[in-house]
Amino acid sequence: MRRRSVIGLSGAALGGAVLGGPLPAGAHGRSRWMHTWVSMPQLTEPGNLPPAPFTGSSSTLVDTTLRQTVHVTVGGGRLRVRFSNAFGGAALPITAAAVALPAGGKAGVAAIVPGSSRPLTFGGRASVVVPVGAHVVSDPVDLPVAAGSNLTISTYLAAGQETLNLTSHPGSRTTTYLVNGNFVASADLPGAAGVAHWYLISGVEVLGSAPAIAIVGDSLTDGRGSTTDGNDRWPDQLFARRPRTAVLNQAAGGNRVLNDGLGPNVLARLDRDVLATSGVDRMLIFEGVNDIGTAPATVADQKQVTDDLLFAFEQVVLRAHARDITVYGATITPFGGNTGYDDPGGLREESRQAVNARLRRGRLFDEIVDFDVAARDPAVPRQLNPAYDTGDHLHLNPTGYGALAAAVPLRWLS
């Protein structure tokens with residue numbers, strides 16, 4: 001039987017030892033394919049589709065090169081890339097793809113280091129068609145990437161995708177470049193259009209032996225309020241504290257545990273985003289604020305969403321434990337003063353407090369980190385610390401995200 005404990009701002013255990021935590025030393029000694037970077041696939045909203053001329057009346061990315069950078073966590077000498085058509089309305093024909101090192105090692109740049117480009121193949125072929133709802137993984141390629149470095153992925157679609165239902169991750173906080181023509185191997189893309197979204201890519205794997213933690217979250221984990229091309233979301237800052245563990249950010253703005261929003265709900269996406277993600281042996285879930293905030297502000301509705309959230313968390317733990325994955329949880333951070341979520345009667349705040357109280361009692365997750373304590377204003381605990389608040393009283397700035405990262409015990413990553 002697993003015993004659970006609560007971790008506060010200091011990272012000190014508030015009660016109980018832990019059984020069923022990270023794998024013992026030596027358990028990661030065998031090299032295997034493991035993810036070093038991920039993004040949660042979503043159906044692209046109309047406002048987040050590629051700009052003209054890269055989106056037409058019934059197709060997208062016709063004769064288009066996409067150049068995107070991603071921030072890997074653990075490093076390796078061999079890698080492979082995962083392309084997703086999870087929400088595509090038609091087959092996805094990839095004509096050519098390549099990986100390279102970005103110029104200056106920077107995120108969100110169009111130029112690459114000359115001579116670093118490596119073509120990707122798929123079963124030995126230069127091109128591939130990804131069926132509707134599927135993803136494909138490229139063949140391995142030799143390109144050493146250092147821990148915490150940036151990687152460029154270039155993709156060319158000659159015919160484009162014959163649909164406006166495109167798979168993407170709108171909250172990339174990283175600049176992507178688009179240009180007409182095949183410039184996959186080009187050293188730069190002069191005149192390319194820049195947008196802050198990722199398209200079609202959902203994972204990078206390396207051959208390694210490090211532990212890996214999947215973080216399931218919403219916009220607070222996706223990094224709303226962080227710096228574009230700055231890689232200062234709280235999972236990024238957590239990785240920087242111990243750059244020997246893969247930290248995999250499976251979050252999306254607006255995500256909910258119980259119901260679909262911007263992307264499928266947690267119960268629906270758990271298999272894809274955690275249980276089937278290579279290398280993952282532990283997870284952390286930091287969700288619930290959107291469930292509480294979008295439920296009607298009535299006594300009955302808030303009691304229902306509270307009860308349903310706690311049941312859903314139990315389901316997450318049961319399913320993850322069946323795969324020998326340790327499950328960490330986080331308390332819900334304050335939203336006092338937020339126009340959309342903070343109701344005049346304080347019913348949603350009562351729900352937040354009820355969920356957090358249950359989590360702190362230590363009977364749901366293997367361990368808990370108290371993000372509420374880390375982020376709140378000591379003088380007004382139902383509100384964010386003003387030094388961390390972006391101004392909407394819900395999302396954090398990079399300093400606030402640093403406070404969350406600092407609250408997570410490093411032994412969770414060992």
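Which residue in β13 is the bridge partner of L43? In β13, that partner is T167. I shall start from this pair and then turn to the rest of the structure.

First, the basis of the model. This is a predicted model, in which local features need pLDDT of at least 70 and side-chain atom pairs count only at pLDDT 80 or more, while totals for chains, interfaces and linings use all residues. Residues are numbered from 1 along each chain as its sequence is written, and side-chain values use heavy atoms, with hydrogens and water left out.

On confidence, pLDDT is the predictor's confidence in each residue, from 0 to 100. The chain averages 93, and 93% of the residues score at least 70. Residues 5–27, however, have a pLDDT below 50, although this stretch has 57 contacts in the model beyond near neighbours in sequence; contact means heavy atoms within 4.5 Å. Where pLDDT is low, the predicted coordinates should not be read in detail.

Let me return to the sheet. Strands are DSSP runs of E with at least two residues, and helices are runs of H or I with at least four, numbered from the N terminus. Two strands pair if DSSP finds at least two bridges between them. β3 and β13 (residues 167–169) run antiparallel and are joined by two bridges. They belong to an open sheet of three strands, in the order β3-β13-β16, with antiparallel pairing. β3 (42–43) and β16 (198–199) are at the edges, each with a single partner strand, so one side of each has no neighbour in the sheet.

A cavity is a set of points on a 1 Å grid, over the protein atoms alone, where a 1.4 Å probe fits but cannot get out; lining residues have an atom within 4 Å of a point. Grid points are joined across faces, edges and corners, and the volume is the space filled by probe spheres set on the points. The count is one cavity of 30 Å³ or more. The volume of the largest cavity is about 230 Å³. Its lining comprises 22 residues, with W37, V38, R233, D236 and N249 nearest the centre. Two or more lining residues come from each of β2 (32–38), β4 (64–71), α2 (234–241) and β19 (246–251). β19 gives the largest share, four residues.

Finally, I213 lies in strand β18 (residues 212–217). I213 counts as buried at 1% relative accessibility, the limit being under 20% relative accessible area with a 1.4 Å probe, protein chains only. Beyond four places in sequence, the contacts of I213 include A246, V247 and L248.

Notes. 1 Å grid on protein atoms, 1.4 Å probe; cavity = no way out; pocket = protein on both sides within 12 Å on 5 of 7 lines; lining within 4 Å. Buried < 20%, exposed > 50% of the residue type's maximum accessible area, 1.4 Å probe, protein only.
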